[in-house]
Amino acid sequence: MNEANPTAAMLVIGDEILSGRTRDANMHHLAGVLADHGIDLIEARIVPDSTDNIVASIRAMRDRCDHLFTSGGIGPTHDDITADAVAQAFDVGISLREDARAIIAARCKEHGLELNAARLRMARIPDGASLIANPVSGAPGFSIGNTHVMAGVPKIFRAMLEGLLTRIPGGRPLAKRVIEVCSPEGELAAEISRIAETYPQLQIGSYPFRNADRFGVSIVLRGTEAAHVQSAEAELREVFADCLVTAEGEA
């Protein structure tokens, strides 16, 4: 019997996300990358720049998954409180780390920037944490326990995540297929439900679409066993042969 994939959760931190000023892109990116790495994202949460909210969320979420990823709140300004909140959540101290300071100092020297107090805030790391490299702007993230703390800027988040995943074991990547059927969802529901009952190990979703030429439903199949995905896809294509929009596709 195959072992289950590792699991993950994500905590997005930032008033700007909840106010609608900034659209989060990191959760979408993380979900796709983890699926390809064989880690199942099972929960996501967005909280404001509030120490109490961050601490409570980390303590609640870290015990329900193998890895907890956070984004946001590790910059140089007064509202970047994530590092302090993480230290509190793990009941450890936090201080300026010399290795993090050296990285930031080198980047400042390279670009002719002053190593001021604001930039040194980004070198404050919870005790016992390991650094996550930031090849974009230098200031590192960090991992403590099963929690990985990264920047909110999408370009930096993606670069940090790419390096981080080289040291996190994954499982079986999801096989993904999509079938487009030119028919109302209500007329397809019974057969889709039958397939879902036949293949309980798969994630099967139906998503109506409408464009200038047609309307219909995209049926998305996901699972860690490619053979099961292919078998379910073949059954659906046979059942809906008269109203398929595309011959084949990938979600």
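1. The model is a predicted one, in which local features need pLDDT of at least 70 and side-chain atom pairs count only at pLDDT 80 or more, while totals for chains, interfaces and linings use all residues. Residues are numbered from 1 along each chain as its sequence is written, and side-chain values use heavy atoms, with hydrogens and water left out.

2. H8 bends by about 30° at Glu191, the bend being the angle between axes fitted to the seven residues ending there and the seven starting there. Leu188, Ile192 and Ile195 are the buried residues of H8 (buried: under 20% relative accessible area, 1.4 Å probe, protein chains only). An α-helix has 3.6 residues a turn, so residues three or four places apart point the same way. The buried residues of H8 pack against strands S9 (175–181), S10 (203–210) and S11 (215–223) and against helix H9 (226–239).

3. The largest pocket has a volume of about 630 Å³. Its lining comprises 36 residues, and Gly75, Asp80, Ala151, Gly152 and Val153 are the closest to its centre. A pocket here is an open set of points on a 1 Å grid over the protein atoms alone, with protein on both sides within 12 Å along at least five of seven lines, and lining residues have an atom within 4 Å of a point. Strand S1 (7–13) and helices H1 (15–18), H5 (98–111) and H7 (154–164) each supply at least two lining residues.

4. The second largest pocket holds about 240 Å³ of space. Twelve residues line this pocket, with Ala31, Ala35, Leu174, Gln203 and Arg222 nearest its centre. Helix H2 (26–37) and strand S2 (40–47) each supply at least two lining residues, and H2 gives the most, with four.

5. For the chain as a whole, the secondary structure comes to nine helices and eleven strands. The C-alpha atoms fill a box of roughly 65 × 45 × 35 Å along the principal axes. Of the 251 residues, 42% count as buried. Among contacts (heavy atoms within 4.5 Å) between residues at least 6 apart in sequence, 70% join residues at least 24 apart.

Note on methods. Buried means under 20% relative accessible area, exposed over 50%, partly exposed in between (1.4 Å probe, protein chains only). On a 1 Å grid over the protein atoms alone, a cavity is a set of points where a 1.4 Å probe fits but cannot get out, and a pocket is an open set with protein on both sides within 12 Å along at least five of seven lines; lining residues have an atom within 4 Å of a point. Grid points are joined across faces, edges and corners, and a volume is the space filled by probe spheres set on the points.
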